[in-house]
Amino acid sequence: MFEKLTEKFDKNKFILIGKLIFVFVALVLIVNLFSSSFAKYESDVDVSANAQIAFFVIDQGTYEGSISITGLEPSTDPQYYSFYVRNYNSTKRADVDLDYTITFETTTNLPLQYEIIKNETYEDDYTSIISNSTVRQDDNDVYYKVFESNATTRFAHTANQEDRYILKVVFPESYKNSPDTYQGMIELFSIIIRASQVA
């Protein structure tokens, strides 16, 4: 009986089938590993696309930060970025009432249009807080657009307070015919907050 079984058994076919099963299992494992890595990468990209930053205004002084605006294409669809100004952080709240003003500067690498919305949603009717726009040139002959808001905001020291700002950025569709001119360029959007103690 054993001899009949060994006569029907083909060693080469057995090795070939074993190799095919091994390759199949290896491919399944590789696909699963790559798909989970890709999903993690996609999650990181989604979070950083509209990066949220916060300014903790707990003392008088100047606070600065920036948002790098990259990868935009001419379109009718705007991009939105949020940032927050708070009179507290995880361990402390401002000890005194503070007034703050806010100014924005951008490089002029890309022909972008900006609106800044404070404590409103961008889906409804809203008002941009930009009240004045100028251009300045630094010592290295670099040009910057300066956007100012005439409003002064007061934070009381008696409670945690927060202002939410939304930056709306539009790359006008009229520039779609010259993509090589703007490809790979980065626009830097700077936020400058000046806080002073209420007298």
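Select Asn87 and Gln161: the side chain of Asn87 reaches the backbone nitrogen of Gln161 at 2.7 Å. The model is predicted; local features need pLDDT of at least 70, side-chain atom pairs count only at pLDDT 80 or more, and totals for chains, interfaces and linings use all residues. Residues are numbered from 1 along each chain as its sequence is written, and side-chain values use heavy atoms, with hydrogens and water left out.

Asn87 itself belongs to the loop between E3 and E4; strands (E, at least two residues) and helices (H or I, at least four) are DSSP runs numbered from the N terminus. Asn87 is buried, at 0% relative accessibility, where buried means under 20% relative accessible area (1.4 Å probe, protein chains only). Beyond four places in sequence, its contacts include Val57, Ile58, Lys92 and Phe155; contact means heavy atoms within 4.5 Å.

Next, select Ile193, one of the residues with the most contacts inside the largest nonpolar core, which has 30 residues. Such a core is a set of buried Ala, Val, Leu, Ile, Met, Phe, Trp, Tyr and Cys residues joined through side-chain atoms within 4.5 Å. Among the elements giving two or more residues to this core are strand E2 (61-69) and strand E10 (187-197). Ile193 touches residues including Phe55, Val85, Tyr100 and Ile102.

Finally, select Pro172, in the loop between strand E9 (162-170) and helix H3 (179-182). Pro172 is buried, with a relative accessible area of 12%. Its C-alpha atom is separated by 6.5 Å from that of Thr76, 96 residues apart along the chain. Leaving aside neighbours within four places in sequence, Pro172 contacts Pro74, Ser75, Pro111 and Gln113.

Key
Buried means under 20% relative accessible area, exposed over 50%, partly exposed in between (1.4 Å probe, protein chains only). A polar contact is a pair of N or O atoms within 3.5 Å; within protein, one must be able to donate a hydrogen and the other to accept it, and residues adjacent in sequence count only if both atoms are side-chain atoms.
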